[in-house]
Amino acid sequence: MNYENIHKPVLVKEVIDYLNLKKGDVIFDGTLGGAGHTIGIIKAIAPTGKIIGVDLDSQAISTAARILAKKKLLDNVYLVNDNFVNITGILKKLKIKKVNGFLFDLGLSSMQIDGSGKGFSYIRDEKLDMRFGNNGEIDAYSIINGYSEERLKEIFYKFGEEKWSGRIVRSILNHRKIKNIETTGELSEIISKAIPAILGYQRKGHPAKRIFQALRIEVNNELENIGKSLDQSISFLEKKGRIAVISYHSLEDRIVKKKFENFSGKCVCPPDFPICRCDAEKKGNILTKKAVRPSVKEIEDNPRSKSAKLRVFEKA
Ligand SMILES: C[S@@+](CC[C@H](N)C(=O)[O-])C[C@H]1O[C@@H](n2cnc3c(N)ncnc32)[C@H](O)[C@@H]1O
């Protein structure tokens with residue numbers, strides 16, 4: 001499979017404009033993928049600027065390296081196969097003290113959905129893995145076949161907002177009594193059968209969509225990583241530097257929105273906290289009052305961009 005033309009980058013022009021790039025800037029792209037955004041960024045910061053291109057998936061790193069080499073843009077890039085949650089360690093290793101912009105284009109690429117064989121898609125029959133990297137602690141197989149009833153229900157409700165979680169988990173447990181669930185195809189069938197047929201048809205999207213989302217989030221610790229990474233980003237950001245985040249579902253977007261509100265000085269503690277514990281302190285301004293969405297034309301050209309939301313924060 002030719003991975004190089006599979007992933008269409010989302011909201012590229014908007015990201016480049018919002019990052020307010022200048023020649024010589026140092027930019028941290030935490031989600032390099034197929035280098036779609038990176039290429040546009042390099043063109044704006046070259047010849048003296050540098051981009052730190054990070055991805056947990058080694059296949060994404062090698063694909064991006066090939067694409068960038070063909071375009072003779074490799075000189076401006078540090079390629080780093082790591083988790084973007086390790087911002088502090090990555091920058092320390094590269095001896096970089098300040099960064100002009102951060103980009104996080106969250107989730108997974110089309111290359112991973114269609115060609116990684118890691119079981120990200122419910123319409124393919126692959127082994128239950130779902131790790132972006134190869135060294136994660138836990139894969140989807142261990143969760144599906146090893147987690148308790150309570151734990152499974154909790155992650156399906158919390159990370160999938162799946163109201164049929166109870167029925168689905170009971171069905172998974174019944175199957176586990178006979179044999180372990182090995183593939184995405186088996187899991188997808190179990191989920192589809194657990195949801196009453198009439199409701200299955202009425203729901204938006206595939207019946208397994210929410211459970212697969214929940215599993216991926218749990219496997220890769222996705223939600224916790226966003227908050228931790230934004231906290232580190234703000235501390236390494238230059239004055240007037242910007243953080244741009246593209247999210248693809250409401251759980252991610254809620255975290256980004258709240259973090260940016262907190263960075264702009266708003267207390268985001270739960271209403272029943274007697275005193276503020278989130279240390280709300282104004283560090284700058286939110287540049288996107290409402291999240292920026294792809295145009296109708298972009299969604300037509302690239303249906304996977306449909307749920308994208310871009311939010312941007314500028315450090316004072
Ligand atoms: C939506 S794709 C990025 C696509 C890229 N912006 C482009 O236009 O080609 C997301 C990428 O982020 C990577 N990724 C997801 N979570 C990560 C993490 N915590 N650390 C590093 N990379 C991560 C995935 O492996 C995937 O390649």
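Okay, let's start with helix 7 (residues 149–160) and helix 11 (residues 209–220), which pack at an angle of about 105° with axes 8 Å apart. That makes helix 7 roughly perpendicular to helix 11, a label that covers 65 to 115 degrees, while under 35 is roughly parallel, over 145 roughly antiparallel and the rest oblique. The axes are lines fitted to C-alpha atoms over the stretch in contact, with angles from 0 to 180 degrees between N-to-C directions. Helices (H or I, at least four residues) and strands (E, at least two) are DSSP runs, numbered from the N terminus.

Quick housekeeping: this is a predicted model, where local features need pLDDT of at least 70, side-chain atom pairs count only at pLDDT 80 or more, and totals for chains, interfaces and linings use all residues. Residues are numbered from 1 along each chain as its sequence is written, and side-chain values use heavy atoms, with hydrogens and water left out.

So who touches whom? From helix 7 we have R151, I155, F156, F159 and G160, and they meet R210, I211, Q213, A214, L215, I217 and E218 in helix 11; contact here means heavy atoms within 4.5 Å. By class, that contact has 7 nonpolar, 2 polar and 3 charged residues. Nonpolar means Ala, Val, Leu, Ile, Met, Phe, Trp, Tyr, Cys and Pro, charged means Asp, Glu, Lys and Arg, and the others, Gly among them, are polar.

Helix 11 also meets helix 12 (residues 222–236), with the axes coming within 6 Å and crossing at roughly 55°. That makes helix 11 oblique to helix 12. R216, I217 and N220 on helix 11 meet E222, L223 and N225 on helix 12.

The side chain of H37 has an N or O atom 2.9 Å from a ligand nitrogen.

Last, the backbone. The A46 to P47 peptide bond is cis, with omega near 5°, and P47 is in the loop between helix 2 (36–45) and strand 2 (50–55).

Terms used: Polar contact = N/O pair within 3.5 Å; in protein donor to acceptor, adjacent residues only side chain to side chain.
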